[in-house]
Amino acid sequence: MLKADYQVDAKGMACPMPIVKTKKAMGSLEEGQVLEVQATDKGSKADLAAWAASVGYQYIGTLEKGEVLLHYIRKCSGDNVFEAAHEQTASNEEAATAAKQGGLLIDVREAAEYAFGHIEGAISIPLGELDERMNELDREKNIYLICRTGKRSDLAAQKVAKAGYSNVYNVLPGMTGWNGQLNQIVKAER
């Protein structure tokens, strides 16, 4: 078992709560100390790794202990941490309209979240798969990234923009603010 200086219990919580709890806990750690984040949300692996990279912390890795994911993050350069946000944003409605008119609406939530309800025309590329699937994005089109609350999609938008794509938008407030029709892949059995 790895030794951590501090633990955070985020079991049973969905995005963005594991990141919110981690961010708060990291504030009380000294540089070089390690935080263990206990989570059950499968998306937390990609979420916490991307968040740590965006603020300059070292994401050490994840161990699986049954249904619990144990994430390890080292606090680095505490005085220089600045959590940047992607500047270009769009509303849910703007993104949905763009998807109907040929723009790319990329849903970066986990596959199960996407299956249970997504905006028509959205393409599922979970945040954890984004690096390996970046070549699926068309540089000539506007790219709208959406998640549940705007946190994962912000990290995704930063990653896509850093890869050289210029027309990249974080969709806010995300699926929690979507009032339109939801497309589903899964159907209830009768």
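A residue is called buried here when its relative accessible area is under 20%. Please keep in mind that the model is predicted.

**Helix α1 and its surroundings**

Helix α1 spans residues 17-26, and its buried residues are Pro-18, Ile-19, Thr-22, Ala-25 and Met-26. Looking down the axis of α1, these buried residues fall within an arc of 130 degrees, so they line one face of the helix. What lies over that buried set? The cover of the buried residues of α1 includes the strands β1 (6-10), β2 (34-39) and β4 (68-74), along with the helices α2 (44-55) and α6 (151-162).

A pair of packed helices is described by the angle between their axes and the distance between the axes. For α1 and α2, the axes come within 10 Å and cross at roughly 40 degrees. The crossing of α1 past α2 is right-handed. On the α1 side, the residues that take part in the contact are Pro-18, Ile-19, Thr-22, Lys-23 and Met-26, and they meet Asp-47, Leu-48 and Trp-51 of α2. By type, the residues of this contact divide into five nonpolar, one polar and two charged.

**Helix α3**

Helix α3 covers residues 92-100, with Asn-92, Ala-95, Ala-96, Ala-98 and Ala-99 buried. Down the axis of α3, the buried residues fall within an arc of 160 degrees, so they line one face of this helix too. Among the elements that cover the buried residues of α3 are β5 (89-91), β6 (104-107), β8 (143-146) and β9. After α3 comes Gly-102, and its phi is positive, near 105 degrees.

| Cis peptide bond | Omega |
|---|---|
| Cys-15 to Pro-16 | about 15 degrees |
| Leu-172 to Pro-173 | near 10 degrees |

**Two residues and their contacts**

Gln-58 is found in strand β3, which runs over residues 58-65. Is Gln-58 buried, exposed or partly exposed? With a relative accessible area of 34%, Gln-58 is partly exposed, because that term covers values between 20% and 50%. In sequence, Gln-58 and Ile-73 are 15 residues apart, yet their C-alpha atoms are 5.6 Å apart in space. Not counting residues up to four places away in sequence, Gln-58 touches Tyr-72, Ile-73, Arg-74 and Cys-76.

Tyr-114 lies in helix α4, residues 111-116. Why does Tyr-114 count as buried? Its relative accessibility is 11%, and the cut-off for buried is under 20%. Which residues does Tyr-114 contact, leaving aside neighbours within four places in sequence? They are Asp-107, Arg-109, Ala-122, Ile-123, Ser-124, Asn-183 and Ile-185. Tyr-114 and Cys-147 are 33 residues apart in sequence, and the distance between their C-alpha atoms is 9.1 Å.

Notes
Residues numbered from 1 in each chain as written. Predicted model: local features only at pLDDT ≥ 70, side-chain atom pairs only at ≥ 80, totals over all residues. Heavy atoms only, no water. Buried < 20%, exposed > 50% of the residue type's maximum accessible area, 1.4 Å probe, protein only. Helix = DSSP H or I, 4+ residues; strand = E, 2+ residues; numbered from the N terminus. Arc of directions from axis to C-beta. Contact = heavy atoms within 4.5 Å. Axes fitted to C-alpha atoms, helices over the stretch in contact; angles between N-to-C directions. Left-handed = near helix turned anticlockwise from the far one by under 90°. Nonpolar A, V, L, I, M, F, W, Y, C, P; charged D, E, K, R; others polar.
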